[in-house]
Amino acid sequence: MSTAVLESHLSSRDVETRPSLLRLTAVELRKMVDTRAGFWLLLSIFGLTVAALVTAYFAGGAEDHTFEQMFVLAAFPSALLLPIVGILLVSSEWSNRTTLITFTLVPRRARVLAAKVGAGVVLASIALVIALGLAALGAAIAQPDVDGAWSISPQLFGQLTLYVIASMLMGVAFGAGLLSSPVAIVLYFLMPMGAIAVSAIPWFDGVVPWLDWWSSVSILADNPLSSTEWAHAGTSLAAWVLLPLIVGLWRITRSEVS
């Protein structure tokens, strides 16, 4: 058998045996649950969601017990803590030096990162479904006697979905761009304080709304956004999700694995 025929045979065999992106996504999704850190983080998100709804039931008024308000409240813990799960999904492999195993099994590193992004979207969607169910249960128990108790604005529902998924993707992007769990997590929690410090400088008054995640993207959970607010949110999403993902893709595909 000639060398050309042998290489062709081997390459076609590799294509046949190469795991699909769907299978890789399922593997990455399992990684987020299998580790102790991931398991306890997800359990904490569920516990905080339940605690927030119970607190709203006893402390809030009838207007706080509507399905829309309950859903907004139930989605917030996911938007706040899921990014940490996303950070650990990417960076923990580099911190624990297990990337050698991963990239030996799947040499195309871009496919691994794509699977991690897909797993993040799936987990965020599952968290939204759970939040939706808990919000419906809370509204059913509270039975608020107000108009539109079970209605929710389609635009607000879409914004909440975008907020939770984008928050998760930001965590994945941070993990990919920095490849260090402690640095990425610290930076994530320092972002609000950094934005406050920068906004105190008069020269940056016009810049902060375009780049501050917490004032431009987190308001997706408040009210339907105007065109200007959408522009602010889009710029922040590009700065804190798209750009770190591009940097992370470059680093992951070019970094030496040890």
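Start by colouring the chain by pLDDT, the predictor's confidence in each residue, from 0 to 100. The average is 87, and 93% of the residues score at least 70. This is a predicted model, in which local features need pLDDT of at least 70 and side-chain atom pairs count only at pLDDT 80 or more, while totals for chains, interfaces and linings use all residues. Residues are numbered from 1 along each chain as its sequence is written, and side-chain values use heavy atoms, with hydrogens and water left out.

Now select residues 1–7, where pLDDT stays under 50 and the model has 1 contact (heavy atoms within 4.5 Å) beyond four places in sequence. Where pLDDT is low, the predicted coordinates should not be read in detail.

Next, show Leu82 and Trp213. In the largest nonpolar core, which has 49 residues, these two touch the most other members. A nonpolar core here is a set of buried Ala, Val, Leu, Ile, Met, Phe, Trp, Tyr and Cys residues joined through side-chain atoms within 4.5 Å; buried means under 20% relative accessible area, exposed over 50%, and partly exposed in between (1.4 Å probe, protein chains only). Two or more core residues come from each of α3 (36–59), α4 (67–95), α6 (109–142), α7 (154–178), α8 (181–199) and α11 (227–254). Helices are DSSP runs (H or I, at least four residues), numbered from the N terminus. The top contributor is α4, with 13 residues.

Stay on Trp213 and display its surroundings. Beyond its neighbours within four places in sequence, Trp213 is in contact with residues including Tyr163, Met170, Met191, Leu237 and Trp240. Then pick Val90, Phe103, Leu113 and Ala176, which are among the 12 residues of another core, apart from the largest one.

Finally, turn to charges. The structure holds 5 salt bridges, each a side-chain nitrogen of Lys or Arg within 4 Å of a carboxyl oxygen of Asp or Glu. Select Lys116: its side chain meets Glu28 at 2.8 Å, N to O. Lys116 lies in α6 and Glu28 in α2 (residues 21–34), so this pair ties together parts 88 residues apart in sequence. Lys116 also bridges to Glu93 at 2.7 Å, N to O. Lys116 is buried at 4% relative accessibility, as is Glu93 at 8%.

For your last stop, pick Arg30 and Asp34, which form a salt bridge at 3.6 Å, N to O. Arg30 is exposed at 52%, and Asp34 is exposed at 56%.
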